[in-house]
Amino acid sequence: MKNVTENSITVREAVAKKLLKDKDGVYVAYLLSIILKKMQHESNGGGHFNVNPDTVLVQKEEGETPKVKLIGEETPHEACNGKPDFDTEVLNQCFRAPETFLGKFSPASDVYSVGMLMAFMLQGSYPYDINESMQKSEILKEIRGNEPDLEIDPPVLLVVKRSLNKTSTRRFKDAEDIS
């Protein structure tokens, strides 16, 4: 997107500054789903696989709808079932879908990350008792053993809950289905 990187900040910064209202968070997720669908198409079924509050940039002017840029959108990755073509150690562990800890990445993995991002934007916190200093095994145990704690309005709540399903086949199949 043209000029989105100018005067833009990360979603993490926007949440900390309380710049995104409820409808803005939903709109950011919608724009992000369009970017992810394009990446899926360009990679023949792959995706980004590192959607998190530090890789999503937003530009929000007063009275205007937000603009979105996904860092790395120019280089989509192929879907894989065990041997990703990228370094998984650099991924934000808190936004990874459960199956990705086993090396399985698909468009549904990005759906999970968008669900986590929506929860983070709309309630200002993770929907699980996790943080970025935790080990992968601790994060996975927390996610697998608990339901997400979501304080989101009902229409959007259904979208976030389905996106965060622990089983990839029970999520939206890809980013296009979210929108």
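Biologist: Are Phe120 and Tyr126 buried or exposed?

Modeller: First, the basis: this is a predicted model in which local features need pLDDT of at least 70, side-chain atom pairs count only at pLDDT 80 or more, and totals for chains, interfaces and linings use all residues. Residues are numbered from 1 along each chain as its sequence is written, and side-chain values use heavy atoms, with hydrogens and water left out. Buried means under 20% relative accessible area, exposed over 50% and partly exposed in between, with a 1.4 Å probe and protein chains only. By that scale, both Phe120 and Tyr126 are buried.

Biologist: Which residues form one aromatic cluster?

Modeller: Rings of Phe, Tyr and Trp (its six-membered ring) pair if their centres lie within 6.5 Å; planes under 30 degrees apart count as stacked, over 60 as edge-to-face and the rest as tilted. The aromatic cluster consists of Phe95, Phe120 and Tyr126.

Biologist: How many aromatic pairs are in the whole structure, and what is the angle between the planes of Phe49 and Phe105?

Modeller: The search of the whole structure gives five aromatic pairs. Phe49 and Phe105 form a tilted one, 5.3 Å centre to centre, with the planes at 55 degrees.

Biologist: What is the relative accessible area of Glu176?

Modeller: Glu176 and Ile35 are 141 residues apart along the chain, and their C-alpha atoms are separated by 9.4 Å. Glu176 is partly exposed, and its relative accessible area is 45%.
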